[in-house]
Amino acid sequence: MLAFLGGTGPEGKGLALRLAMAGESVIIGSRDAGRAQEAAEELLALAPNASISGAVNADAAAQCEVVFLTMPYSGMSPTIEGVGDTLAGKTLVTVIAPMRFERGVGAIAEDVAAGSAAQEAQAAATDARVVAAFQNVSAEELLKPGVTLDEDVVICSDDADAKTTVMDLTRKIPNLRPVDAGALYNARYVEQITPLLVNINRIHRAHSGVRITGV
């Protein structure tokens with residue numbers, strides 16, 4: 001089973017929907033059980049035969065071996081602290097790309113003292129196996145079951161087994177290709193691509209993604 005903490009937002013719901021459609025059982029996590037259940041019901045309306053439920057974050061994390069962090073960057077540390085030791089030994093996937101918006105400029109990557117949100121998550125959840133992935137995939141496109149995605153998912157981690165787990169999950173979503181990008185240290189570069197894509201999408205009214213050529 002897969003847990004999506006902070007999963008009531010577009011990215012969490014989109015990934016949960018696509019992986020549930022691929023046959024995975026998913027739990028939408030939230031600080032509020034009612035919001036989590038509402039989000040689960042919204043997704044079940046799009047995929048009636050899928051296995052989707054809602055729970056508070058700590059309960060969702062406790063039930064699953066793979067846990068996704070899908071909240072805004074500002075909520076990441078409080079969420080990790082709130083679920084306590086339920087993350088120990090588990091694969092913890094962060095899709096977070098810290099950014100802010102500035103008038104006249106658009107999306108701007110936030111500076112993170114640890115280097116990246118993924119590295120900060122690893123420092124906060126020392127017993128988890130952190131993987132950075134899916135930062136560059138459009139949440140809006142994920143939430144449209146009829147849209148075929150066609151891009152790469154750049155994946156970073158210091159744990160080979162956890163990385164393999166996330167790469168295998170990525171392959172379950174049609175036309176998404178996982179690309180091994182090495183150590184968790186490299187997550188900073190992947191996270192910083194997201195504001196660039198947001199600005200490109202705003203200019204061109206598109207939903208651009210990333211494609212790595214030559215590999």
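The model is predicted, so local features need pLDDT of at least 70 and side-chain atom pairs count only at pLDDT 80 or more, while totals for chains, interfaces and linings use all residues. Residues are numbered from 1 along each chain as its sequence is written, and side-chain values use heavy atoms, with hydrogens and water left out.

Let's start with the record. An unreviewed UniProt entry annotates residues 2–98 as "domain: Pyrroline-5-carboxylate reductase catalytic N-terminal"; such annotations may be inferred rather than shown by experiment. In the model, that span is 42% helix and 25% strand, with its end C-alpha atoms 23 Å apart. Helices (H or I, at least four residues) and strands (E, at least two) are DSSP runs, numbered from the N terminus.

Charged residues E11, K13 and R18 are among the buried ones. Just past the helix, G23 has a positive phi of about 105°.

K90, in the loop between α4 (76–83) and β5 (91–94), is a curious one. K90 is buried but has no salt bridge, and E65, the nearest side chain of opposite charge, is 4.6 Å away. A salt bridge here needs a side-chain nitrogen of Lys or Arg within 4 Å of a carboxyl oxygen of Asp or Glu. The K90 side chain does reach two backbone oxygens: that of C64 at 2.9 Å and that of A62 at 3.3 Å.

Elsewhere, the whole structure has 12 salt bridges. Three of them look like this:

| Pair | N to O distance |
|---|---|
| K172 and E24 | 2.4 Å |
| R211 and D150 | 2.6 Å |
| D159 and R129 | 3.5 Å |

K172 lies in the loop between α7 and β10 and E24 in the loop between α1 and β2, so their pairing ties together parts 148 residues apart in sequence. K172 is partly exposed at 39% relative accessibility, whereas E24 is buried at 15%.

For the second pair, R211 is partly exposed at 41% and D150 is exposed at 54%. Shared partners join D150, D152, R177 and R211 into one salt-bridge network.

Definitions and conventions:
Buried < 20%, exposed > 50% of the residue type's maximum accessible area, 1.4 Å probe, protein only. Lys, Arg positive; Asp, Glu negative; His and termini not counted. Polar contact = N/O pair within 3.5 Å; in protein donor to acceptor, adjacent residues only side chain to side chain.
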